[in-house]
Amino acid sequence: MSTVQDITGTSKSAAAIDKARAEGRAALIGYLPAGFPGVEETIAAGIALAENGADLIEIGIPYSDPVMDGQVIQAATTEALAKGFSVRQVFDVVAGITSKTDAAVLVMTYWNPVIRMGVDEFSRRLSEAGGAGLITPDLIPDEAAEWMEASDKYGLDRVFLVAPSSSPERMRRTVDASRGFVYAVSIMGVTGARSSVSSAAKDVVAAAKAAGAERVCVGLGVSTASHVREIAEYADGVIVGTALVAAIRDGGVDAVAALTKDLRTGLNREEA
Amino acid sequence: MVRLMVDAPTAGSDKDAVDAFLQGGPSLRHAPGPYFGSYGGRWMPESLIAALDELEDTFEKAKADPDFIAQIADLNKNYSGRPSLLTEAKRFSQHAGGVRVFLKREDLNHTGSHKINNVLGQALLAKRMGKTRVIAETGAGQHGVASATAAALLGLECVVYMGAEDCRRQALNVARMELLGATVIPVTNGSQTLKDAINEALRDWVANVGNTHYLLGTAAGAHPFPALVRYFHEVIGEEARAQILDQTGRLPDAVCACIGGGSNAIGIFHGFLDDPSVKIYGFEAGGDGVDTGRHAATITLGKPGVLHGARSYLMQDDDGQTIESHSISAGLDYPGVGPEHSYLADIGRVSYEPITDSEAMDAFRLLCRTEGIIPAIESAHALAGAIKVGQRLAAEEGDAGSKIVLVNLSGRGDKDVATAAEWFDLLDTDSAEAEIGKEGEQL
């Protein structure tokens, strides 16, 4: 069977998702880019996410060439870089949130900044900061030998992506390589709010489960409580990114808290 | 200079390895990918892997299909005008230590550069995959114009991504693409340069991969692009090898090409990689000078990393963020390089050296005045390199008149006239052309 099962005991992401599952609901996962509009604000917003109902938090590392991101996140990360954000500050953000909350905190990063620091060094520092693991939008298991080794060494989760275009064989391979959960891309496209959730999302989740995934969370284009409610019907977790970035951009930490509270209503169990 | 030595790849130090290759080891000419040593691969979002698999499968079948081979041969001959000539540059040679310099005339191809070889091949593959739309990135507009040309010829919809600043400066190339029926989309994200145009093309591809082929313009990117783009440019090296043997009865002592992403270079190198007697040189854009920080000398000063789908040398800062490149030549102004070149640098088979803007422009003018050929500024980097190589050969080995240096003249310089006129101060200061030239316009 897949490694997803074998290491459940040590996976912070799996534990957070299982806790939500025990409450009879899917997990809520919120994304924020580190350093936007500043490092302190990211920490405060991350804490607000956790306090208002997010089970897992995804902190993005601003990168010069974010090919999987749409306009809103690009604008935010470009601004963070222009203000002088440096990669090592992501560990301050992770430590700042994990020291104040019980949420599992993952880092979402394009791969070159990790290579530049050194995969082992990056993993060690993430582990020391209390981080749960990495979500890697441009790293596929085929190229991940170094990361497999380092994540085992430091007990970090490896969240790879699966897409509507993934073949059954690739689906199996990716599920087997993942730990914590598998990130199901809901649509063929980049990050950004959309008016409705793609019907492809349900099929991707089903395919990932058929390939042996224990936990599958859905992201891309999820922005409202009704999207969250819809996806929670079939997925183990729901990932919201762009809407939260727009919230912190327009209304700061208070707006993040308010949106999180609203998104969380999508996960409340139906009144009997 | 010291820094150059310290940061240079292991060229030379792995001499034993490359000697082993050359003495009966496996051929270097047809490296299939996905890896070239530790370079290459697929550092790409999962969403695009199926499309890359489809492209690889289609490409492998096409290569084995006589109909496809015949189609390419027909287009090369009757549309592009191949084989391109091999011209001995006798008066230019006098400035290169007196060695014999031969020019592979890719500037004479339809659309004015080697780019046509790749776009015709990829557009045919797009048709075989049943795709109706191609997208492309472009810096100065050369690959965009070539892509629009191939799309028009084969009846494909064409969308070209181009940095907003480049669109403004290259208004005539934008007009060319539109005349050919393409849609040009200005890219306002990030640094608004070629690398951002590639990012935007990738975003388009992820969203439209069902009906769209990404017609990548250079021998970089995720597998199978580096091997595939090389394949369509191999004709350059194969023709050049036969032509030099025919004209001189022997192989050249050295082969020179300019390197941005490296597609023209890998095309001509291909013909000579397995010939141990032939020294091979790639000339990168040294911009204002490699110690100024304003250059595009990726192999000379970069460090291995991943960008746009491949592991290769990369201009990056200590955080792994891509650094802006600078060159007078838009076609070489890219912070990455094809992975096969990184490998050939590490094993020492090819020597990569920087050429400054100033050296390139001197060679540009020299070729104009000695041979009556206006080269692309990109190709002028190869010419400047050939001058150095010729002088070195003459000094170190003597008997200059018996030495042969082959240069890939990858494109013609019509597009560069305004830049050159500004550089050499040939325009009245208040003329409209002078204003255009100041902005770096390439006509």
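Predicted model: local features only at pLDDT ≥ 70, side-chain atom pairs only at ≥ 80, totals over all residues.
Two strands count as paired if DSSP finds at least two bridges between them.

In β6 of chain B, B:Tyr161 is the bridge partner of B:Glu137. That bridge belongs to the pairing of strand β5, residues 133-138, with strand β6, residues 157-163, both of chain B, which pair in the parallel sense over six bridges. These strands sit in an open sheet of four strands with parallel pairing, and the order is β7-β6-β5-β8 in chain B. At the edges are β7 (183-187) and β8 (212-214) of chain B, each of which pairs on one side only. On average, neighbouring strands in this sheet are turned by 25 degrees against each other, with direction ignored.

I turn now to another parallel pair. Strand β9 of chain B, residues 254-259, pairs with β10(B) in the parallel sense, again over six bridges. Within β10(B), B:Tyr281 is the bridge partner of B:Cys256.

An open sheet of four strands runs in the order β1-β2-β12-β11 of chain B, with antiparallel pairing. Its edge strands are β1 (35-36) and β11 (303-307) of chain B, each pairing on one side only. Inside the sheet, two bridges join β2 (residues 39-43) to β12 (residues 309-314) of chain B, and these two strands run antiparallel. B:Arg311 in β12(B) is the bridge partner of B:Gly40. Helix α14 of chain B, residues 339-346, packs on this sheet and touches β1, β2, β11 and β12 of chain B. The direction of helix α14 makes about 45 degrees with that of β12(B).

Next, the nonpolar core. The largest one has 238 residues, and those with the most contacts inside it are A:Ala184, A:Ala208, A:Cys217, A:Val238, B:Cys256 and B:Val405. Helix α11 of chain B, residues 225-248, provides the largest share of this core, namely ten residues. On the chain A side, leaving aside residues up to four places away in sequence, A:Ala184 touches several residues, among them A:Val162, A:Ala201, A:Ala208 and A:Cys217.

Chain A as a whole contains twelve helices and nine strands. Its radius of gyration is 17 Å, close to the 19 Å that the globule rule gives for 272 residues, so chain A is as compact as a globular protein of that length. Along its principal axes, the C-alpha trace of chain A spans about 45 × 45 × 30 Å. Buried residues account for 59% of the 272 residues in chain A.

Finally, how do the two chains meet? The contact takes 33 residues from chain A and 27 residues from chain B. On the side of chain A that touches chain B, α4 (71-82), α6 (112-117), β6 (161-162) and α9 (168-177) of chain A give two or more residues each. Helix α6(A) gives the most, with four residues. By class, that side of chain A has 17 nonpolar, ten polar and six charged residues.

Notes. Residues numbered from 1 in each chain as written. Chains lettered and ligands numbered in written order. Contact = placed C-beta atoms within 7 Å. Nonpolar A, V, L, I, M, F, W, Y, C, P; charged D, E, K, R; others polar. Axes fitted to C-alpha atoms, helices over the stretch in contact; angles between N-to-C directions. Core = buried A, V, L, I, M, F, W, Y, C linked by C-beta atoms within 7 Å. Buried ≥ 20, exposed ≤ 12 C-beta atoms within 10 Å, placed from the backbone. Rg over C-alpha atoms; globule rule 2.2 N^0.38 Å.
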